Amino acid sequence: MATHELVEAIQSLFPPSGQMPQPTSVSPPDTDADVEGLPPGLPPISRNLVPDWIEPGEGTSFPADGILVIEGETPAAQQGLPAAIDVLACYLPFHFYAHGWGIYLRASGILSVASMLASASGRGLSREFLDLASAILLQHERFHFLSEVACSRGELISEDELYRHYFHDRGATAIEEALSNAHAFRTALRRQPATVRDQVKQWMQTQGPGYQDFAKCLTPSAFTDWCRIATNRMKCSEPVLKLTPSSIGIGKAKLTITGPRPRTKPVPTEFLFSGLARSTAPTFLVLDVRGVGVLRPFPKHAGIRVLVHTNDHPPPHIHVEIPPGRDFTRLEWPALQPLEGDSSLSGRQRKSLDEYLSKYTEQIDQRIRQVYRSAA
């Protein structure tokens with residue numbers, strides 16, 4: 001089933017309200033239902049609220065092939081560790097938002113993480129670190145999306161509303177944040193040097209309960225075990241009612257709804273995560289700092305790649321990478337003259353560009369018209 005089909009089915013079964021729901025449980029923190037079945041030493045935590053820098057559906061579309069760039073002077077690397085990941089990025093679930101659901105990356109958050117990575121490497125802030133910072137934040141939030149998809153699969157089978165209970169399960173939240181950090185670490189940092197990996201590990205270990213427990217589920221077997229625990233908390237029984245003595249009045253009692261109770265013995269339901277490697281969520285870039293934008297590259301050809309900024313300054317121009325992945329120059333479009341301060345092409349490079357443009361001129365021209373019409 002394609003992602004859009006699953007989303008449509010879920011939203012048909014459980015129409016979104018356009019906001020995060022209130023918790024269904026009125027139990028005090030750390031009830032038996034919160035901690036039952038959790039890995040030892042993992043305290044339950046509450047979900048974060050939607051941050052005030054997000055307006056659902058507002059932001060620059062950040063496609064899978066998008067490249068974050070800094071226009072103008074490169075800022076100096078910031079000192080110190082960034083805030084926790086969910087302060088720098090956020091995921092809005094499709095269960096609660098019919099429009100504008102997806103992953104939101106904060107440009108200032110990407111810059112903050114990129115600065116940390118550059119400082120750890122002893123190098124200046126570059127696009128390499130912007131790409132890596134984007135990947136870390138994106139993959140963390142993507143696991144929140146994958147968790148919702150996994151739970152949705154259970155809902156389609158049972159036709160029971162599981163995600164709302166799971167979303168507010170404080171034990172499940174701790175597990176999901178640990179898994180999200182572990183997923184980001186395992187995917188985004190796979191080929192990074194030890195200095196960078198150690199710096200990111202140090203940062204994640206400062207992020208509080210749940211987040212900082214990611215190291216406990218980094219190995220493939222531990223990651224699978226924790227996914228099993230997570231999916232077991234999705235497949236819960238009915239809410240549990242408890243009758244407890246009241247602190248007010250003699251002989252009176254208090255009825256407390258503790259929420260759905262997870263299975264006491266984990267069963268192999270981690271298959272709900274299987275086959276999701278290609279599943280993607282809409283991704284938005286919130287441009288909350290100046291001088292940051294997104295380049296969308298055209299295919300590589302003849303040793304060159306061309307990119308067009310989605311929110312660029314005039315005059316209309318293209319960015320040329322020679323070789324692909326390395327900034328070389330900016331050329332005015334369609335005159336192909338270098339912008340002031342940019343490098344000219346050699347005869348061989350111009351020949352390669354001519355070959356490139358013989359294949360992609362129409363697409364580039366169409367993109368340029370779209371960008372500069374919207375900027376007018």
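Trainee: Which residues are exposed on the other side of H1?

Mentor: In this predicted model, the buried residues of helix H1, which spans residues 3–13, are Leu6, Val7, Ile10 and Gln11. Viewed down the axis of H1, these buried residues fall within an arc of 125°, so they line one face of the helix. On the other side of H1, the exposed residues are Glu8 and Ser12.

Trainee: Against which element do the buried residues of H1 pack?

Mentor: The residues concerned include Leu6 and Ile10, both buried in H1. The element against which the buried residues of H1 pack is H5.

Trainee: Which element gives the largest share of the lining of the largest pocket?

Mentor: The largest pocket has a volume of about 580 Å³ and is lined by 23 residues. Strand E2 (67–70), strand E4 (102–106) and helix H5 (127–158) are the elements that each give two or more residues to this lining. The largest share, 9 residues, comes from H5.

Trainee: How many residues of that lining are charged?

Mentor: Among the lining residues, Ala64, Gly66, Asp131, Ala135 and Leu138 lie nearest the centre of the pocket. By class, the lining of the largest pocket divides into 14 nonpolar and 6 polar residues, and the number of charged residues is 3.

Trainee: Is His183 buried or exposed?

Mentor: His183 is located in helix H7, residues 170–188. Leaving aside neighbours within four places in sequence, His183 is in contact with Gln139, Arg142, Phe143 and Phe223. The cut-off for burial is under 20% relative accessible area. Because its relative accessibility is 10%, His183 counts as buried.

Conventions: Residues are numbered from 1 along each chain as its sequence is written. This is a predicted model: local features need pLDDT of at least 70, side-chain atom pairs count only at pLDDT 80 or more; totals for chains, interfaces and linings use all residues. Side-chain values use heavy atoms; hydrogens and water are left out. On a 1 Å grid over the protein atoms alone, a cavity is a set of points where a 1.4 Å probe fits but cannot get out, and a pocket is an open set with protein on both sides within 12 Å along at least five of seven lines; lining residues have an atom within 4 Å of a point. Grid points are joined across faces, edges and corners, and a volume is the space filled by probe spheres set on the points. Helices (H or I, at least four residues) and strands (E, at least two) are DSSP runs, numbered from the N terminus. Ala, Val, Leu, Ile, Met, Phe, Trp, Tyr, Cys and Pro count as nonpolar, Asp, Glu, Lys and Arg as charged, and the others, Gly among them, as polar. Buried means under 20% relative accessible area, exposed over 50%, partly exposed in between (1.4 Å probe, protein chains only). The arc is that of the directions from the helix axis to the C-beta atoms. Contact means heavy atoms within 4.5 Å.
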